[in-house]
Each structure stands twice: as C-alpha cells, then as structure tokens.
Amino acid sequence: MKDIINQMLKVQNGHKKQLFIVMSIMIFGCSSVKQTSIDSDEYDISRYQISNSLKSKNLNISIFDYVDRNKRISGAIEINGVFINNQNLEDISLSVSTNKTYDISILYLSKKPININNLKVKKGDSIAINVFMKDSMEPIHEQ
C-alpha cells in the first residue's frame with residue numbers, strides 16, 4: 001500500500017511541476033503593452049509596443065472630420081505609392097513590414113490632405129493613427 005501511495009504522490013508532484021511550468025509560461029510569455037503617442041492638430045499617432053510578435057505589424061488608420069471629431073468620413077489613403085480607397089467609413093487595418101519607413105497621405109474631396117512622412121515601424125509595433133481632416137477652401141477645378 002505504501003508503494004501505491006508513494007507512486008501517487010510522485011505523479012501528483014510531477015503534475016504540480018508541469019502546472020507550475022505552464023503557469024510561468026502564461027504569466028511571463030503573455031503580451032505586455034507599452035504605449036507612446038504623437039499628437040498634432042490634424043492627427044494622433046499611438047504606437048503600442050507588443051512583446052508577443054504574433055500580434056505585431058499592424059497599422060490602423062481612422063479618418064474623422066476636424067470640426068466634429070467623432071464623425072467618421074471616408075477618404076483615400078496612399079501608403080508608399082499604393083492607394084487604398086476607403087468608402088465604408090471603417091478603419092483601415094493593414095499588416096505592414098517591420099524595420100521599414102512609410103510615407104502616408106490621406107486625401108478626401110474638399111478636405112486638406114494630410115501627410116505623415118517617415119513613419120518607422122519596428123518589430124513588435126502596433127500603430128493606430130486617428131486623422132482629423134480640415135475643410136479646404138481651394139477650388140476643385142480652376143478655369
């Protein structure tokens with residue numbers, strides 16, 4: 001009987017070690033987030049440094065009216081010469097390469113264009129850009 005009890009205790013101790021290892025991995029291996037921000041009159045950039053590389057390389061762009069900062073508007077986005085047409089008022093979410101620099105332009109009819117140059121994406125970055133577009137008084141077509 002003692003042998004059976006000793007073997008059961010060994011199995012329990014082995015499971016405790018496995019549980020401890022799994023819990024340690026979960027605690028220390030989970031994502032940690034560090035945020036830095038850049039604020040201007042026309043856009044806010046929030047950079048989140050995420051330790052879990054599976055959740056990195058994201059670029060999210062939201063476009064709003066300058067006067068009513070809660071009102072979403074559509075627009076065209078140019079990233080390093082590639083155009084994305086956003087007509088559905090939703091955020092643009094892209095997976096981008098790390099260790100690369102991006103030039104971003106946001107355009108909309110009757111609004112002043114916004115340019116964000118030399119946006120560097122590093123490993124583990126997740127970047128959120130909120131753009132606030134001002135009305136433009138320039139004519140669409142000059143005669």
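Thr 98 lies in the loop between strand S6 (92–95) and strand S7. In this predicted model, Thr 98 is partly exposed, because its relative accessible area is 26%, a value between the 20% limit for buried residues and the 50% limit for exposed ones. The C-alpha atom of Thr 98 is separated by 7.9 Å from that of Asp 125, although the two residues are 27 positions apart along the chain. Asp 125 belongs to the range of strand S9 (125–133).

**Strand pairing around S7**

- Strand S7 covers residues 100–107 and runs antiparallel to strand S4 (residues 75–79), to which it is joined by four bridges.
- Within this part of the structure, Ile 77 stands opposite Ile 106 of S7.
- S7 also runs antiparallel to strand S8 (residues 114–121), and six bridges join these two strands.
- Thr 101 has Lys 120 in S8 as its bridge partner.
- S7 and S8 form a hairpin with six residues between the strands, and in this hairpin Ser 110 adopts a positive phi near 70 degrees.

**Nonpolar core**

- The largest nonpolar core contains 21 residues, of which Leu 59, Ile 61, Ile 77, Ile 104, Ile 129 and Val 131 touch the most other members.
- Two or more residues of this core come from each of the strands S2 (43–50), S3 (58–65), S4, S7, S8 and S9 (125–133).

**The chain as a whole**

- The chain comprises one helix and nine strands.
- Read from the N terminus, the order of elements is α-β-β-β-β-β-β-β-β-β.
- Of the 143 residues in the chain, 27% are buried.
- Among contacts with a separation of 6 or more, 54% are between residues 24 or more positions apart.
- The accessible surface of the chain amounts to about 10200 Å², and carbon and sulfur atoms account for 54% of this area.

How values were computed
Residues numbered from 1 in each chain as written. Predicted model: local features only at pLDDT ≥ 70, side-chain atom pairs only at ≥ 80, totals over all residues. Heavy atoms only, no water. Pairing = 2+ DSSP bridges. Buried < 20%, exposed > 50% of the residue type's maximum accessible area, 1.4 Å probe, protein only. Contact = heavy atoms within 4.5 Å. Areas by Shrake-Rupley, 256 points an atom, 1.4 Å probe, with all protein chains shown as cover. Core = buried A, V, L, I, M, F, W, Y, C linked by side-chain atoms within 4.5 Å.
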